[in-house]
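Good morning, colleagues. Please turn to the sequence and the structure on the screen, and I shall take the strands and then a pair of helices.

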Amino acid sequence: MKKDKTKTEIDAAACMAMFGTLELQPEVRGVVDSMMERLRTLSRKSDGHFLAVDLRVDVLEKKGCKDKSGSATKSCFNAGEIATFLRKIGFGKDTTIYLTQSRWDSSLDALKELFPRTYTKEGIMPMDKKDQFLNPEAPTLEEVIDYYICSESDVFVPAISGLFYANVAGKRISSGKTQILVPADIPGSSASPDNYLSHYVTKQNHLAYSCFC
């Protein structure tokens, strides 16, 4: 019995370490809060709701957005593919989108054409914080900002499959934010977003479920 109790306590500690709320430094928390408030304001036509997409141009270029082993499952999607996916599952042009990309890149234009309210960190970060937080020599700060905004957005779309997606999914599941939509090439003209919920949610196969559910 004592052994089981000890194991339970260890498991609880591990869950808190992985998915619990980490206390951000006040300055970082302030930047995150400011950006979140800006996104909510920009989303006034959609009741303050916004969508976060993990889409980073440098990562897409490295991955090449190619099919995995020739299967129908892709490991990443570019801006044009994400735009088509979102439109087909019912998101309108007034949807506000946050991208994990640091600064605007011309390869993102295809997304902005369909969704004009699409922003990178540079577009919504307070002017006096950009030199400090958009520093390519200190990418960890950007990663922290992306993690929290993607975890707290109304909808999360991982254009890139990987560890960041899994970590954000765990954080969202632990806080009950299960609107995680995984992109796909939709053959028809429209589809229900429920068909593209993350397997972490539909199959409840994320470690976070054993921690909090």
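Let me begin with a term: a residue is called buried when its relative accessible area is under 20%. The model before you is a predicted one.

With that term in hand, consider strand β2, residues 96-99. Thr96 and Tyr98 point one way from the strand, while Ile97 and Leu99 point the other way.

Which strands pair with β2? One is strand β1, residues 50-54, which pairs with β2 in the parallel sense over four bridges. Within that pairing, Ala52 stands opposite Tyr98. The other is strand β3, residues 118-119, which runs parallel to β2 and is joined to it by two bridges. Here Tyr98 has Tyr119 of β3 as its bridge partner. Between β2 and β3 the chain passes through helix α5, residues 109-114, and this β-α-β crossover is right-handed.

I turn now to the helices. Helix α8, residues 139-152, has 14 residues. From its first C-alpha to its last it reaches 20 Å, close to the 20 Å expected at 1.5 Å a residue. Several of its residues are buried, including Ile145, Tyr147, Tyr148 and Ile149. Glu142 and Asp146 are also among the buried residues of α8.

How is α8 placed against helix α9, residues 163-174? Two packed helices are described by the angle between their axes and the distance between the axes. For α8 and α9, the axes come within 9 Å and cross at roughly 45 degrees. The two helices are therefore oblique to each other, and their crossing is right-handed.

Conventions. Residues are numbered from 1 along each chain as its sequence is written. This is a predicted model: local features need pLDDT of at least 70, side-chain atom pairs count only at pLDDT 80 or more; totals for chains, interfaces and linings use all residues. Side-chain values use heavy atoms; hydrogens and water are left out. Buried means under 20% relative accessible area, exposed over 50%, partly exposed in between (1.4 Å probe, protein chains only). Two strands pair if DSSP finds at least two bridges between them. A crossover is right-handed if, with the strands pointing away from the viewer, the path from the first strand over the helix to the second runs clockwise. The expected span of a helix is 1.5 Å times one less than its number of residues. Axes are lines fitted to C-alpha atoms, for helices over the stretch in contact, and angles run from 0 to 180 degrees between N-to-C directions. Angles under 35 degrees count as roughly parallel, over 145 as roughly antiparallel, 65 to 115 as roughly perpendicular and the rest as oblique. A crossing is left-handed if the near helix is turned anticlockwise from the far one by less than a right angle, and right-handed if clockwise.
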